[in-house]
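Please examine the sequence and the structure shown below.

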Amino acid sequence: MIDDSAWNSQISLELNQQMAGYTSPSREKDHHHGRRGKTHSTLMLAYSSVAVHAPEDQLLSRIEADITGNILLHYRASCQVLGITVANKDMYLKLTLIHNVMEISCAILETRDSQEFEFSYKLELLGNMLDFIKQEPLDSLASPVRYKAILAIGHLSKLKPSLTMEENRELLDECFKSLFPLPPLEIMKEECETAKDALHIQSLYVTSLEALGKLMETLLEEAPTADWFQEMFELLRTWFSSGKEWERERALQASTQLLTAYQETVHSTF
């Protein structure tokens, strides 16, 4: 058994390592990130790193109060100005919390009792990820926040408690609304100042659609029923009648991804 002093020592070790060579989980530094925000981000990364390296038989008893609770404590503190909570517009901080979510989710899923464990922070963290997605602009694609948040939602979706069909529908609907209305890829690339920027936009675009496909696959795996497949398809169908060709094309691509996932999950069980 690991006592409290051992856990504190492990957290201190992780913190010292993070402070010695701090880098963003995506390796993209925001040089405007303040010292105070950087300190909170460093602490947040230290806590989720503890989750990754913690002994499996001790993790679930510590993951909420000792790890996730402290991560959210620092995140909320970073979103306060003069004691007033404000919307988080810091890309660096968003990427840090997304990284936390993915590390914590993976750590929980690797335990033997993951399917019996009810993660009490699941809904709050899903809400954070949805907020990040909603805050992304619909006229440009310059940040990895959108697709990374979609991937994080997929990780959280595998944890208990399971969401209702309506809750899953809302998650997917917001992801569609964040990706499908983006300008055509060629237009976004033309607005770039350099060829390197254009390649970056193309990479973000492809990765974002792949993340969406992965999320649909995960949601279908967690609820492999024909009824849920039909709900997902109905969400996509509304985009087929869009007056914008690129929105219809993206919906069609997503429907192809969904049909493939259906063949590999729901259909294969019959």
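Which residues of α7 are buried? The buried residues of α7 are N168, L171, L172, D173, E174, C175, F176, S178 and L179, where buried means under 20% relative accessible area, exposed means over 50%, and partly exposed lies in between (1.4 Å probe, protein chains only). The model is predicted: local features need pLDDT of at least 70, side-chain atom pairs count only at pLDDT 80 or more, and totals for chains, interfaces and linings use all residues. Residues are numbered from 1 along each chain as its sequence is written, and side-chain values use heavy atoms, with hydrogens and water left out.

**Helix α7**

- Helix α7 covers residues 165-179, which is 15 residues; helices (H or I, at least four residues) and strands (E, at least two) are DSSP runs, numbered from the N terminus.
- From its first C-alpha to its last, α7 reaches 21 Å, close to the expected 21 Å; the expected span of a helix is 1.5 Å times one less than its number of residues.
- The buried residues of α7 pack against α5 (122-135), α6 (145-157), α9 (195-222), α10 (226-240) and α11 (245-264).

**Residue S48**

- S48 is located in helix α2 (residues 35-53), and S48 is buried, with a relative accessible area of 0%.
- Not counting residues up to four places away in sequence, S48 touches I67, I71, N100, E103 and I104; contact means heavy atoms within 4.5 Å.
- The side chain of S48 makes a polar contact with the side chain of E103 at 2.7 Å; a polar contact is a pair of N or O atoms within 3.5 Å, and within protein one must be able to donate a hydrogen and the other to accept it, while residues adjacent in sequence count only if both atoms are side-chain atoms.
- The side chain of S48 also reaches the backbone oxygen of L45 at 3.3 Å.

**Salt bridges**

- The whole structure holds 8 salt bridges, each a side-chain nitrogen of Lys or Arg within 4 Å of a carboxyl oxygen of Asp or Glu.
- An α-helix has 3.6 residues a turn, so residues three or four places apart point the same way.
- In α7, D173 and K177 form a salt bridge (3.2 Å, N to O), and they are 4 residues apart, about one helical turn. D173 is buried at 17% relative accessibility, whereas K177 is partly exposed at 39%.
- D66 forms a salt bridge with R62, with the closest N and O atoms 3.0 Å apart. D66 is partly exposed at 27%, whereas R62 is buried at 13%.
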